[in-house]
Amino acid sequence: MVFTKKEIHFLCSQKKVLLLDVVKKAAKDAVKVQVVMHVKGKNNDGASLIEEIFRAVRSEYDTPVIGHIAKEAPEGNFLEMWDEKLKSANFQLADVTNGFSDLFAVKDTAEVTNIKKAAYLTSSVMKHFVVPKLEKTIDEEKKVTHFSLMDETEKVILEPAKIKVKLKADNVDICYPPIFQSGGVFDLKPSASSNDDSLFYDSMSVIICAIGSRYNSYCSNVARTFLIDANSVQSKAYEVLLKAHEAAIGALKPGNKASDAYLAALSVIESEAPEFAPNLTRSAGTGIGLEFRESSLVLNGKNERILKTGMVFNVSLGLQNVQTEMKNPKTEKFSVLLADTVIIGETSPEVVTSTSSKAVKDVAYSFNEGEEEEEVEELSKVNAALPNAAKATLRSVNHEVSKEELRRQHQAALARQKNEETARRLAGRGAEGSNNGLPRPSGDLVAYKNVNDLPQPRDLMIQVDQKHEAVLLPVYGKMVPFHIATVKSVTSQQDTNRTCYIRIIFSVPGAPFSQHDQNLQKFHDSIYVKEVSFRSKDPRHISEIVQAIKTLRRQVASRESEKAERATLVTQEKLQLSGAKFKPIRLSDLWIRPVFGGRGRKLSGTLEAHSNGFRYSTSRSDERVDIMFANVKHAFFQPAEKEMITLVHFHLHNHIMVGNKKTKDVQFYVEVMDVVQTIGGGKRSAYDPDEIEEEQRERDRKNKISMDFQNFVNRVNDLWGQPQFKSFDLEFDQPLRELGFHGVPHKSSAFIVPTSSCLVELIETPFVVITLAEIEIVNLERVGLGQKNFDMTIVFKDFKRDVMRIDSIPQSSLDGIKEWLDTTDLKYYESRLNLNWRQILKTITDDPKQFIDDGGWEFLNLEASDSDSDHSQESDQGYEPSDAQSESVSEDDDEDSESLVESEDDEEDESVDGSEEDEGKTWEELEREASNADKEKGNESDSEEERKRRKMKTFGKSRPPERRPGGGGSLAKKARFR
C-alpha cells in the first residue's frame with residue numbers, strides 16, 4: 001500500500017481486489033481519497049506495476065519523501081524486488097517506525113479490555129496450573145523436564161476451559177512458548193527457551209517460569225521465581241528485586257519519563273543491596289500490545305519518552321547470574337526474575353496480572369529436614385503452654401501445614417470478618433417492621449346489579465348461573481342469589497329411600513380462614529346464613545348441581561388467585577423486537593418449565609434473543625413469555641452428561657407470569673434421547689448392528705443438541721458483552737459437576753451442583769438456585785456420631801428469610817463441601833444436632849446488640865464450646881436445638897443414650913487433652929506407648945480406682961461383671977457402639 005494526499009494505491013492479486021472494492025466508496029466519502037487498484041496477474045512479476053505507482057507519486061510531488069518501516073525485512077521475491085526498486089528510485093526515504101509506535105502506544109478501551117482478558121488468562125494459568133503442578137512435582141519427587149512442563153502449560157493456555165477461564169479458545173494464542181528454567185542455567189532474555197534438562201528442585205535451588213498469552217492478538221506477560229530452601233543470599237536477592245520491581249511499577253505515571261521506571265528500580269538496588277547492581281538487567285521492560293515487544297518504549301535509563309494514560313508495559317526486572325559460595329554447579333549461580341503486565345491509569349498504574357502472587361511467602365518453599373527436631377521441640381513447648389489450644393502435630397517430615405489446618409485458619413479469619421459484617425449490618429438496619437400485611441382485598445361481591453337481571457325461575461329448582469357467577473336457591477318460594485365466592489363447600493348424599501340431600505356451607509365471620517375476608521368484615525353486624533340443606537328425589541340433578549358449583553368455584557378461585565399474583569408483579573419494560581438488520585438469536589424445539597396451563601396437548605416452542613430480552617413462544621398465540629435482560633439475575637447452561645435433558649435456565653430478580661403461574665425461575669430444555677422400552681424384553685447382543693447404530697444415533701443427537709445450545713449461549717454472551725449491557729453483569733454460568741453432591745432440598749433426592757456464583761439444582765422441581773453472595777453462614781448439622789448422612793442449613797443475610805435446608809447428604813461428601821465452602825470464602829460451622837433456626841433468627845433480630853456482645857456466630861463453634869464447657873452452656877441457652885428441652889430431663893431412652901455418648905466423648909477428650917498438656921507428645925509417640933501397653937500382660941500399674949472406672953465405662957451403668965475363676969486382672973474392652 002502506498003498512501004499519498006489524494007490517492008491510496010494497492011498492488012495485489014485479483015482476489016484481493018474483489019475484497020477491497022468495498023473500500024473505494026467509503027474512502028471517497030469519508031476523506032475524499034481515491035483508491036487505485038493495481039492488479040498483479042499470475043505470470044506478471046509486478047515490475048511494471050511498481051513503476052506505475054512510482055510515476056503516480058512523482059506526478060503528485062516535486063521532491064517526494066517516502067516513509068517506510070526500516071527494520072522490517074522483506075519476505076518473498078516480490079517484496080524483495082519492491083525494496084530494491086524503492087531504494088534505487090532516488091526517493092528520499094524516512095523511517096516512520098517511531099511515528100507508528102506513538103500512534104499505537106496509547107490503547108483505546110477495546111484494546112485495554114483485550115489486554116486485561118489476556119492478562120487474566122496468563123495469571124490464571126500461572127496460579128491455577130503452573131504453581132500446583134510444580135508443588136505436586138516437588139512433593140512427589142517426580143522427574144519432569146523443562147520441555148514437558150512447557151508443552152503442558154502451552155496446552156492449558158490454548159484451552160482456557162481446563163482452568164475454568166471462560167474465554168473462547170478461538171481467540172486465544174501464546175506470545176511465546178512458556179519458559180521453565182532451573183539448575184543454574186538461566187537466560188532472562190525474552191528470546192529464551194526451555195531445554196530438555198530435568199527440573200532441579202534440590203535444596204537452595206531456584207526455578208524461573210515465564211508465560212505470555214494473547215487474546216484477540218493482544219499480548220500479556222507474567223514471570224515468577226520460586227525459591228526452594230533458599231539461603232540468605234537468595235532470600236535477600238529476591239526481596240530486594242521485589243522492592244525494585246514495585247518501585248519501577250510505581251514510577252509508571254502520566255507525565256513521567258520512560259527512564260524513570262528503570263532509575264527507580266536501580267535506586268532501590270543501589271541503596272539496599274549495591275552488591276547486586278552489576279547483575280541487574282539493562283532495562284525494566286518494554287511496551288506491549290499487538291507486538292510483544294515495542295522497541296520504542298523500552299524502559300531503560302536513556303529513554304526520554306513521556307508516558308501517557310492508556311500505555312501498557314511489560315515490566316520485567318531481574319538479577320542475572322548472582323554468584324554464591326556453593327560448589328555444586330547447579331547452585332553456584334542463580335538468577336531471579338519478575339514480570340507483570342501494567343496499564344498506566346489516570347492517577348496510578350494498574351497491575352492486571354496481580355492475581356498471580358509474587359509475595360515472598362507464596363514463592364518461597366521450605367523442605368529442609370535439618371530443622372525437624374528443633375521445630376518439634378518448639379511446637380511441643382507451645383502446646384504445653386497453651387492448655388486449651390488445638391494441638392498441632394507433625395505428620396510428615398516437611399514443613400507443610402495440612403489442608404485441614406489451613407482450612408481451620410482461614411475459617412477463623414472468616415469468622416472474625418463475618419461477625420464484623422453482621423454487626424455493621426444489624427446496627428445499620430435498626431428496627432424494621434414486619435412485611436406480613438393483610439392480603440389485598442378484592443372488589444365487592446355483586447352477582448346481579450338489578451333484580452331484573454335474575455334469570456327466570458324453573459320450578460323452584462337450584463340453579464347455577466355461570467355468566468354471573470352465582471348460585472340461585474329457592475327460599476320461601478323465591479329464587480335467592482348467592483355469589484359463588486361466598487360458598488365454602490358443597491356436598492351431597494343419598495339415603496336408602498333414593499332421597500338425595502345437598503348441603504351448602506357458606507363463609508361467615510369467625511370461621512377459620514375467613515378473618516381476612518374484607519367483604520365479611522364490612523357487614524360484621526349482619527346476620528349470615530351459615531349453611532342450607534335441600535332434599536330432592538332427582539339424584540341426577542343433585543349430582544349435576546354439585547359438580548357445577550364445584551367447577552364454578554374452582555374457576556373463580558383460580559382467576560382471583562392469578563389476579564392477586566399479577567397485582568404483586570413488578571412492571572417490566574417492553575420487549576424491543578429485533579429489526580431487519582439484526583436477526584434474533586434463535587433456539588428451536590424447546591420445552592418450558594413451568595409449563596403453560598390448559599388441558600390441551602403441550603407444544604414445543606422457540607426461544608429468541610432480541611434487543612433487550614428473550615421471547616419464548618409456541619404456535620398458540622396465548623403461549624408466550626418475555627424475559628427482559630434487566631430482570632435476569634443468573635443465567636445457567638447445563639449440558640446433558642448423566643441427565644436426560646440439556647437446558648438453559650434463568651433465575652430472575654422479580655417474578656413473572658408463565659401462563660397462570662408466578663415464578664422467578666424459567667427453564668428451557670430439550671430431551672437428548674427418547675425413553676423407549678423394548679417390547680420383547682429379551683437382551684440384545686452388544687455386537688448387534690442395530691443396537692450399535694441406535695447408540696451412534698443417540699450420541700450424534702446429543703452432540704448436535706449440545707452444540708446448538710453452546711452456539712446460542714456463546715452468541716448471547718457476546719450480545720451481553722456490549723456496552724449497554726455491561727451494568728447487568730450477565731454471563732451464562734455452567735455448573736461444576738465435579739464439586740456436586742447428593743441431597744434432599746425439598747421432598748426428593750437430587751444432585752446439587754455449585755457454580756461460580758450459585759448453588760443450583762436444575763433437574764428436579766422445585767428448582768434450587770441459591771446466590772452465594774446472599775449467604776451469611778452455612779451450618780453442617782448431624783456431623784459425626786457415626787452418622788452416614790448429615791444436613792446442610794444455609795442462613796441468609798436477610799434474617800427475615802427462612803433458612804434453606806438440604807438433608808441427607810452422604811458423609812463421603814463432607815470434605816469436598818468443606819473445601820468448596822472454604823474456597824468460596826463462606827464461613828461454615830458444624831453441629832451434632834439439628835437446630836431450631838426460626839427461634840434462633842428471632843432471638844437475633846429481637847436483640848441484635850446482645851447477639852454481637854455474645855460473640856456473634858461463635859456460639860456454633862464446637863471447638864470453642866468443647867474447650868470451655870461453662871461458656872458453652874451459657875451461650876447455648878439462647879440457641880436451643882429443636883429437639884432440646886429447657887430445664888427438664890427427657891425420659892426417652894434414646895435421648896438418655898445420646899447424652900451418655902456425649903458425656904463419654906467429653907471424658908475421653910478431657911483425658912487426651914490432659915495427657916497432651918502434661919507430656920506434649922505427638923500422635924506417633926502416643927500410639928507407640930499405647931501399643932507397648934497392650935503387649936503387657938497385666939495392668940499392675942493402674943490404681944484400683946482407675947480399674948473400676950474403666951470397667952464402669954466399658955459396661956455402661958450396669959454392675960461390673962464378676963471375676964471368672966482363674967481369670968486375669970482385668971477384662972478386654974468391648975467395642976463401644978455410637
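I looked for disulfides, taken as pairs of cysteine sulfur atoms within 2.5 Å, and the structure holds zero of them. The model is a predicted one, in which local features need pLDDT of at least 70 and side-chain atom pairs count only at pLDDT 80 or more, while totals for chains, interfaces and linings use all residues. Residues are numbered from 1 along each chain as its sequence is written, and side-chain values use heavy atoms, with hydrogens and water left out.

For the overall picture I noted 22 helices and 36 strands, where helices (H or I, at least four residues) and strands (E, at least two) are DSSP runs numbered from the N terminus. The protein has 978 residues, of which 38% count as buried. Taking contact to mean heavy atoms within 4.5 Å, I found that 63% of the contacts between residues at least 6 apart in sequence join residues at least 24 apart.

Next I turned to the nonpolar cores, each a set of buried Ala, Val, Leu, Ile, Met, Phe, Trp, Tyr and Cys residues joined through side-chain atoms within 4.5 Å. The largest has 89 residues, and V130, F226, L252 and F313 are those with the most contacts inside it. Helix α5 (residues 109-139) contributes the largest share of this core, 12 residues. Another core lies apart from it, with 35 residues that include L587, L607, A640 and V658. As background, nonpolar side chains tend to be buried together in soluble globular proteins.

Which residues is F226 in contact with, leaving aside its neighbours within four places in sequence? I listed M126, V131, L134, S205, V206, I207, C209, V363 and Y365.

I went on to the second largest pocket, which holds about 1,200 Å³ of space. A pocket here is found on a 1 Å grid over the protein atoms alone, as an open set of points where a 1.4 Å probe fits, with protein on both sides within 12 Å along at least five of seven lines, and its lining residues have an atom within 4 Å of a point. The lining consists of 33 residues, and M1, G67, H68, I69 and W82 lie nearest the centre. At least two lining residues come from each of β1 (2-3), β2 (7-12), α2 (47-60), β4 (65-68) and α3 (77-87), and α3 gives the most, with six.

I compared two strand residues. S588, in strand β21 (residues 585-593), is partly exposed, with a relative accessible area of 38%. Its C-alpha atom is separated by 8.5 Å from that of E608, 20 residues apart along the chain, and beyond its neighbours within four places in sequence S588 is in contact with G605 and T606. I645, in strand β26 (residues 645-658), counts as buried because its relative accessibility is 11%. I645 and E671 are 26 residues apart in sequence, with 4.4 Å between their C-alpha atoms. Not counting residues up to four places away in sequence, I645 touches several residues, among them R593, A640, Y669, E671 and I763.

Last, I went through the backbone, bearing in mind that most residues other than glycine have a negative phi, and most peptide bonds are trans. Another cis bond, with omega of about -5 degrees, joins T765 and P766, the latter in the loop between β31 (758-761) and β32 (768-771).

Is Y476 exposed or buried? Y476 counts as exposed because its relative accessibility is 84%; Y476 is not a glycine, yet has a positive phi of about 55 degrees, and lies in the loop between β16 (470-475) and β17 (478-483). D729, likewise not a glycine, has a positive phi of about 55 degrees and is in the loop between α14 (689-720) and β28 (732-733), where D729 counts as exposed at 69% relative accessibility.

Conventions. Buried means under 20% relative accessible area, exposed over 50%, partly exposed in between (1.4 Å probe, protein chains only). Grid points are joined across faces, edges and corners, and a volume is the space filled by probe spheres set on the points.
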